[in-house]
Amino acid sequence: MRNDKRKRYSEQKSSTLRMETLEPRQLLSVFGGMASHHDYGPNNNARLAETIDLDETGETTITGDISSARDKDYYMFTVENSGTITISMEALETDNYALDTFLTIYNSRKQKIAINDDVSTEDTNSYVEFYAQAGETYYIKADGYRKSTGDYEIILTTPTVSEAYGEEIDYANNVADSFDVNTIAEDDGTISIYGAIYPERDLDVFTFTVQADGNYAISMTSDGSTLDTYLYIYNEDGKLVYRNDDIEKANTDSYIEFYAEEGEVYYIRADAWKNSTGTYTLTVDNLSATDNTTIDTGDTTDSTVDASDDTGDTTSDSSTNDDSTSADDTTTDGSTTDDDADSNTETDASEGWVLIIGAYDYQGFQNDLTGPAYDTQLVSEIFTDYYSVSEDNIHILSGGSSVSYEAISVEFAWLAENADSNDYVVIYYSGHGSSGDSETVDDNESLYLPDSSSVYQSDIEGWLNTINTDTDKVLILDSCYSGGLLDIANNVSNTAVIASTSYNMTAWDAVESYYPQGNRFRGGGVFATWLNYGIMSGNADSDDNGYVTLLEAFNYADLGINNVTSEPYNQDPVINYSINFDLAIFLS
């Protein structure tokens with residue numbers, strides 16, 4: 001029966017696209033078949049990663065080959081000692097010598113922590129270096145750049161004894177476990193704490209309770225390390241109220257002054273710009289205890305500054321910096337200054353702006369989908385009922401002809417018009433997807449709309465780039481082959497791309513046997529159902545802090561869907577992002 005249906009629908013496909021339905025199940029896809037992972041070798045994805053036993057001498061060597069254009073090899077290892085790890089990938093000169101190596105390292109949560117293509121312009125081998133925590137598991141992805149193939153050798157150098165760095169001075173990166181800095185306050189109220197941002201995308205969160213009304217200054221200084229600091233202050237409700245990147249063009253330390261009243265609670269987020277790493281000193285001073293200056297706590301409109309991120313080379317912030325005020329900026333005492341200092345100001349409370357797209361009424365009855373109509377409800381519930389986004393801030397575009405390229409473009413314009421720098425934007429799409437020219441090559445995937453038009457990566461990047469650069473943007477794509485669009489996160493700043501499946505896989509729609517056990521939904525897409533269930537049930541709360549972040553929900557759905565689907569029809573959700581996911585989007 002399955003083969004008969006494939007034959008029937010194959011007669012309806014265009015030169016590159018076609019629909020497919022398997023028994024009573026539906027696929028969120030437009031494609032010509034499905035490739036097995038095993039076409040490329042036994043360790044072609046992270047779930048099948050080959051375990052490496054590290055040599056106790058500190059140097060481990062493995063060899064392998066990239067045998068075809070889209071082959072890749074995954075390895076996993078667990079470190080016994082904290083310290084700096086170096087990994088090199090070198091092409092071997094054999095009969096297959098043509099490999100341009102590409103090396104990527106992920107942590108145990110499948111987050112990318114290091115990546116390298118070429119050591120230099122003259123050397124196409126790859127090399128990465130990062131700090132590893134004892135007991136942690138890491139993944140290596142060995143790949144070829146631009147579909148190159150050939151043999152390779154990987155050499156891991158690992159510490160034989162623990163080296164203290166981030167391990168002994170690291171602090172929690174979430175509110176629930178944040179360190180209370182009031183416990184280390186001096187007699188005069190001054191607070192000073194030493195920390196480190198390491199590895200990349202690390203961050204530290206502290207709790208500060210105001211002991212007396214007054215003016216306060218919080219600074220984060222790198223003390224000569226390679227860290228480019230970034231300081232955020234949130235109120236007790238988890239809303240971003242102040243932030244600062246650079247004090248001035250030539251000074252990448254961070255500094256914030258504000259007025260606070262006794263009993264108020266603030267969360268201090270010590271972070272880094274552009275994945276820089278290094279040590280820092282965080283200081284909290286009660287200025288009112290040492291002088292009589294007063295900060296104007298009234299309307300801050302006139303002192304608003306551009307809080308956007310650096311746009312220049314992160315190795316030197318002296319040449320360009322977007323974090324500067326215009327001339328004639330208002331100072332805390334009411335005078336003006338002509339310097340280009342990046343002052344801080346109270347921001348509006350951060351808001352969420354959500355666009356939900358459900359495409360299900362396609363041309364030709366046999367191409368219609370069941371799930372997207374339900375998915376719009378599931379995703380809307382997540383953001384209204386759990387993340388407390390105002391219904392006025394959520395637009396839903398669903399159906400058939402109304403889900404057009406032009407309509408989507410208009411909705412992105414609405415997001416761009418409304419989302420401020422400290423807000424976050426979420427775009428969710430459920431519908432058919434196209435594998436492009438080939439389902440086995442990650443090259444030209446797209447979203448396939450009911451009017452037979454397609455939305456490509458360049459279209460999405462163009463729309464996203466109209467939104468404020470500093471706004472955190474999350475793109476959730478629930479369609480077949482959607483993993484082929486992960487590169488959007490590499491090309492658009494402060495962006496996360498969550499795809500319901502890999503670039504060469506299908507996404508299942510309305511398959512009850514693939515739903516989470518005991519969930520109440522019958523009819524939605526598998527991925528949207530798992531996301532909703534993980535969040536609304538609380539089962540995705542992996543750190544047991546009573547709150548489910550979107551990243552936790554993704555990890556829960558990823559594991560669950562991989563467990564209930566199997567070859568050749570398995571579904572493997574994937575993610576790529578360039579934002580601090582846990583804190584930047586959903587803090588409280």
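Tutor: With how helix angles are taken. Axes are lines fitted to C-alpha atoms, for helices over the stretch in contact, and angles run from 0 to 180 degrees between N-to-C directions. Note that this is a predicted model. Here helix α3 (residues 371–386) and helix α7 (residues 526–536) pack at about 25°, and their axes are 9 Å apart.

Student: Why are α3 and α7 called roughly parallel?

Tutor: Angles under 35 degrees count as roughly parallel. The value for α3 and α7 is about 25°. Therefore the two helices are roughly parallel to each other. Their crossing is left-handed.

Student: Which residues in α3 and α7 meet?

Tutor: From α3, D375, L378, E381, I382, D385 and Y386. From α7, A528, T529, L531, N532, I535 and M536. By class, this contact has 7 nonpolar, 2 polar and 3 charged residues.

Student: What makes S454 buried?

Tutor: Buried means under 20% relative accessible area. S454 has 15%, so S454 counts as buried. This residue lies in strand β28 (residues 454–456). Leaving aside residues up to four places away in sequence, S454 touches Y405, S446, L447, Y448 and D459.

Student: Why is strand β19 described as largely enclosed by the rest of the structure?

Tutor: Count its residues. In β19 (residues 265–272), 8 of the 8 are buried, so the strand is largely enclosed. V265, Y267, R269 and D271 point one way, while Y266, I268, A270 and A272 point the other way. In a regular strand the side chains alternate between the two faces of the sheet.

Student: What makes β13 and β18 edge strands?

Tutor: Look at the order. An open sheet of 4 strands runs β13-β20-β15-β18, with antiparallel pairing. β13 (191–197) and β18 (254–260) each have a single partner strand, so one side of each lacks a neighbour in the sheet. On average, neighbouring strands here are turned by 15° against each other, direction ignored.

Student: How many bridges join β13 to β20?

Tutor: 7, with β13 and β20 (residues 278–286) running antiparallel. I191 stands opposite V284 in β20.

How values were computed: Residues numbered from 1 in each chain as written. Predicted model: local features only at pLDDT ≥ 70, side-chain atom pairs only at ≥ 80, totals over all residues. Heavy atoms only, no water. Pairing = 2+ DSSP bridges. Parallel < 35°, antiparallel > 145°, perpendicular 65-115°, else oblique. Left-handed = near helix turned anticlockwise from the far one by under 90°. Contact = heavy atoms within 4.5 Å. Nonpolar A, V, L, I, M, F, W, Y, C, P; charged D, E, K, R; others polar. Buried < 20%, exposed > 50% of the residue type's maximum accessible area, 1.4 Å probe, protein only.
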